[in-house]
Amino acid sequence: MYAFSPLAVANLLGLSFIIFKLFGISIFKEKPAALPNGSMGWPLLGETLAFLKPHNSNSIGTFLQEHCSRYGNVFKSHLFGNPTIVSCDLELNKFILQNEGTLFQTGYPKPVHDILGKLSMMLVSGEVHKKLRSVAMSFINVSKSRPNFLHDIEKLSISYIDSWKGKKQVFFFKEAKEITLYLMLKNLLNIEPEDPIAAIVLEDFLTFMKGFVSLPLYIPGTAYANAVKARMRISSTLKEIVTKRLEKKLISGADETKDYFDEVLAKESLNDEERVSILLDLLLAGYETTSGLISLVVYFLAHDPFALQKLKEEHQVVRKRKKDGEALNWEDYKKMDFTSHVISEALRCGNLVKFVHRKAIKDVKFKEYVIPAGWQVLPIILATHLDPSLHQNPMEFNPWRWADPATSIKVTPFGGGLRICPGAELGKLETAFFLHHFVLNFR
């Protein structure tokens, strides 16, 4: 019977470890990456209905609450007909958004393609997306500091605010939709708010948005079917305008551009379908998200008299620097620091965009997780905005939190990466100009 001293055992283990290292042998295998925990729900249906259950925009809803509590901030599910990785984790969300084109691509369900059209900037990828986005960006970059555009924002805002005086009730969201759509029609197509076509396009957009957020059943009479038809009517209207403009240019031979639309027509690399799609995207983005933002800001200010008073004081200072009746300009906007905080906090609390659809191009390893190729990925933007580990008292509307520059790193209301919202600054600008006249002149 052999006996080993503790020292001999230690030496033997040490020698074995050296041999394993020298020959590349590991006795401690790294734990392989695995799918996150989760539930795939019912056959075929998965968990889509529970995921889409309506809830307040300043909450993540019972589905995410229950799943994050049970499985963690990253979990698997079966949503919109596909196996899915759901992420309520800020770091993973940013990783997904920043790696589009290499690890991930846009992955919206077919009903979204049907309702937006195959050339929507939300859906196309690669060179087509790059081309269409650059045209849209040219409009946005020129517009935000162009005096005529800024004047139109003020003119429309003042007109609507004056029309509310003396009314017992104002359906604010509806009014905000009119302001933002008419502003885009004026600056994209030179269509005045009084033009009959403006009201027709507005009605079609209202129908379109009702169906966009409805159950995607293409059955005659459903909100979704009506929305698809409304989008086709809008596209047809825009195509007719494109055709008339092109014919007019051919007849007159005019070279100088009068508005953004003429600049779009002048780009020979675009076909008619692409021109119409760009215009539709800009109208939709400038109308829906900006009207939602303006409405959110007014809602939160109505419940926070301290923030309202601080905002009013800032705009009183801005007005004192101006002559009587003098219009606001880009430099005025850049000095509206607290206004910027109010807008950013409304975006964080209100969450205009809840989540986005992406798909893994290849197997992706992130920390201890693996996302299989072909799986749908849903970065849940609102979850990180309302995460108590990231924001103190996250349910509280607190514009002062934005005095800390670190707050902006933890909030992504406009997405990120290649598809970060191109009109983010334009929407903030319109909201700030509207607020200037609203807080100073409306009681």
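Visitor: Helix axes are lines fitted to C-alpha atoms over the stretch in contact, and angles run from 0 to 180 degrees between N-to-C directions. With that in mind, at what angle do α15 and α18 pack?

Guide: The model is a predicted one, and the values that follow are computed from it. Two packed helices are described by the angle between their axes and the distance between the axes. For α15 and α18 the axes are 10 Å apart, and the packing angle is about 120°. Angles of 65 to 115 degrees would count as roughly perpendicular, whereas this angle makes α15, relative to α18, oblique.

Visitor: What is the handedness of the crossing of α15 and α18, and which residues of α18 make the contact?

Guide: The crossing of these two helices, α15 and α18, is right-handed. On the α15 side the contact is made by Thr339, Ile343, Ser344 and Leu347, and the residues from both helices divide into 4 nonpolar, 3 polar and 1 charged. The partners supplied by α18 are Lys428, Thr431, Ala432 and Leu435.

Visitor: Is α13 roughly parallel or roughly perpendicular to α18?

Guide: The axes of α13 (residues 305–320) and α18 (residues 424–441) come within 9 Å and cross at roughly 100°. Because angles of 65 to 115 degrees are classed together, the relation of α13 to α18 is roughly perpendicular.

Visitor: Which residues in α18 does α13 meet?

Guide: From α13 the contact draws on Leu308, Leu311, Lys312, His315, Gln316, Val318 and Arg319. Counted over both helices, the residues of the contact of α13 with α18 divide into 7 nonpolar, 4 polar and 2 charged. Their counterparts in α18 are Ala432, Leu435, His436, His437, Val439 and Leu440.

Visitor: Are Arg348 and Glu345 buried or exposed?

Guide: The side chains of Arg348 and Glu345 meet in a salt bridge with an N to O distance of 2.9 Å. Being 3 residues apart in helix α15 (residues 337–350), Arg348 and Glu345 are separated by about one helical turn. Arg348 has 0% relative accessibility and Glu345 has a relative accessible area of 0%, so, with the limit set at under 20%, Arg348 and Glu345 count as buried.

Visitor: Is Lys322, which meets Glu326 in a salt bridge, buried or exposed?

Guide: The N to O distance between Glu326 and Lys322 is 3.6 Å. Glu326, at 31% relative accessibility, counts as partly exposed. Lys322, by contrast, has a relative accessible area of 11%, so Lys322 is buried.

Visitor: Which residues is Ser59 in contact with, leaving aside its neighbours within four places in sequence?

Guide: Ser59 lies in the loop between α2 (48–51) and α3 (61–71). Because its relative accessibility is 18%, Ser59 counts as buried. Beyond those sequence neighbours, its contacts are Leu382 and Leu386.

Conventions:
Residues are numbered from 1 along each chain as its sequence is written. This is a predicted model: local features need pLDDT of at least 70, side-chain atom pairs count only at pLDDT 80 or more; totals for chains, interfaces and linings use all residues. Side-chain values use heavy atoms; hydrogens and water are left out. Helices (H or I, at least four residues) and strands (E, at least two) are DSSP runs, numbered from the N terminus. Angles under 35 degrees count as roughly parallel, over 145 as roughly antiparallel, 65 to 115 as roughly perpendicular and the rest as oblique. Contact means heavy atoms within 4.5 Å. Ala, Val, Leu, Ile, Met, Phe, Trp, Tyr, Cys and Pro count as nonpolar, Asp, Glu, Lys and Arg as charged, and the others, Gly among them, as polar. Buried means under 20% relative accessible area, exposed over 50%, partly exposed in between (1.4 Å probe, protein chains only). A salt bridge is a side-chain nitrogen of Lys or Arg within 4 Å of a carboxyl oxygen of Asp or Glu. A crossing is left-handed if the near helix is turned anticlockwise from the far one by less than a right angle, and right-handed if clockwise.
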